Amino acid sequence: MDRKKIRDILIIGVILIALFAATQHFDSLSKFFLNLLIILQPFLIGGCLALFLNVPLTFFEKRVFGFMDRKKLTSKFKRPVSLVVVLAIVVLLVWLVLPVLVTELTKTIESILQMLPSAYTKLQKWLLERGFDLSEYLSTAIVAPTTEELSGQLEQILRIAFNGFIFSTGIIGSLYQSVLSIFFTIMFTVYFLLAKERLASQFKRLGFAYLRKDRMEWVLKVSRLAQRTFASFISGQCLEAIILGVMFFLIMTLFKMPYVLLISVFIAIMALIPVIGAWVGCIVGAFLILMVNPAQALGFLIIFLVLQQIEGNLIYPHVMGNAIGLPSIWVLFAVVLGEGLLGIVGMLLFIPLTSVVYKLVSESVESRLAERKLESES
């Protein structure tokens, strides 16, 4: 028996022993990897944020501040200046959109609370016509607390708070860990964006050192394909969300519907989530309008269906082009799988990843069919 066979047998034996040990200590290993995932959370989230922010960063570097390459003194400032502009835009968007959403949401809740008495009266009248008295049930099921009871409950809550519940070590520790995690996430994001060429060079050196040249070239090919697909997907998805939000704002303003700004911004934000995002915005918007005017809520649903057809058949193909090249069933599969593994971030990541896998498998299938002299149509 030669050395190669002995080495293969030893490797298989080590793998089998490791698998057996893992099954015997599954709980301990799962806790270990869960703790490791929590520790690496700033690194992983920073990497995901860097993937998203790299799209506008590249745009500003090449299209806006590309003139700096002509001067050696200013070329080294192109990346930091572009990064500062991108971060400033993100902060500005949050600063502009968040107060508007909070204000509109507060007004919406107040108007809904004001409409509750009249809605209760209409519901009670409708139930009385059918022989059911809702007030009797509520009077036995819900008893309004007196002023003395409310003051006593408030005093008890304040006593617990001042006894150290709010400022306990656990809460302070959690707050400290959250602030520290956010700080490290931002630092990792900034470092990834500033030193992406250096990290890519280190990755290439490591790959060529430990992998065969042809395998490493294949890895680089897949990496470049993934980068192009992801950049096209993110930019197209953002542009599509903006167009959809503007369309809803104009149409709802034309028909004088309530909560125009709130619903338009919410639909634009939710449209960033593929497949189901816009429908979530539709359900929330229809519910809000329903509390004011049921007829307008029906009209809003019709408008949504019409705009979805326009967006799906005209806008989306032109905005996204052939960058993704993924059939609808695999888009839905990627959304379900990504949401189950990583939530909303997974839904955004898994569509371009699935597209890359789909293209690689398609190329492999076509290559093998060509080798066997078979036509793909047959």
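Predicted model: local features only at pLDDT ≥ 70, side-chain atom pairs only at ≥ 80, totals over all residues.

Me: What is the secondary structure of the protein chain made of?

Reply: Helices: there are 14 of them and zero strands.

Me: Why are α3 and α10 called roughly perpendicular?

Reply: Their axes come within 10 Å and cross at roughly 75°. Angles of 65 to 115 degrees count as roughly perpendicular, so that is the label α3 and α10 get.

Me: Which residues meet where α3 and α10 come together?

Reply: From α3 you have L51, F52, N54 and V55, and from α10 there are Q227, F230, A231, I234 and S235. As for where these helices sit, α3 covers 41-64 and α10 covers 213-254.

Me: What makes K256 exposed?

Reply: Its relative accessible area is 71%. Exposed means over 50%, so K256 qualifies. K256 is in the loop between α10 and α11 (260-270), and has a positive phi, near 55°, in a residue other than glycine.

Me: And Y259, is that buried or exposed, and how do you know?

Reply: Y259 is at 13% relative accessibility. The cut-off for buried is under 20%, so Y259 counts as buried. Y259 is also in the loop between α10 and α11, and its phi is positive too, about 55°, although Y259 is not a glycine.

Me: How much of the protein chain is made up of buried residues?

Reply: They make up 26% of the 378 residues.

Me: What share of the contacts with a separation of 6 or more comes from residues 24 or more positions apart?

Reply: That share is 65% in the protein chain.

Me: Which residues make the nonpolar surface patch?

Reply: L29, F32, F33, L34, L36, L37, I38, I39, L40, F43 and L44 make a patch of about 1000 Å². To be in a patch, a residue needs over 30% relative accessible area and no salt bridge, and nonpolar side chains are joined within 5 Å. The elements giving two or more residues to the patch are α2 (26-39) and α3.

Me: Which helix gives the most to the nonpolar patch?

Reply: That's α2, with eight residues. I38, for one, lies in α2.

Methods. Residues numbered from 1 in each chain as written. Heavy atoms only, no water. Helix = DSSP H or I, 4+ residues; strand = E, 2+ residues; numbered from the N terminus. Buried < 20%, exposed > 50% of the residue type's maximum accessible area, 1.4 Å probe, protein only. Contact = heavy atoms within 4.5 Å. Patch = residues over 30% accessible without salt bridge, like charges linked within 9 Å, V, L, I, M, F, W, Y side chains within 5 Å. Areas by Shrake-Rupley, 256 points an atom, 1.4 Å probe, with all protein chains shown as cover. Salt bridge = Lys/Arg side-chain N within 4 Å of Asp/Glu carboxyl O. Axes fitted to C-alpha atoms, helices over the stretch in contact; angles between N-to-C directions. Parallel < 35°, antiparallel > 145°, perpendicular 65-115°, else oblique.
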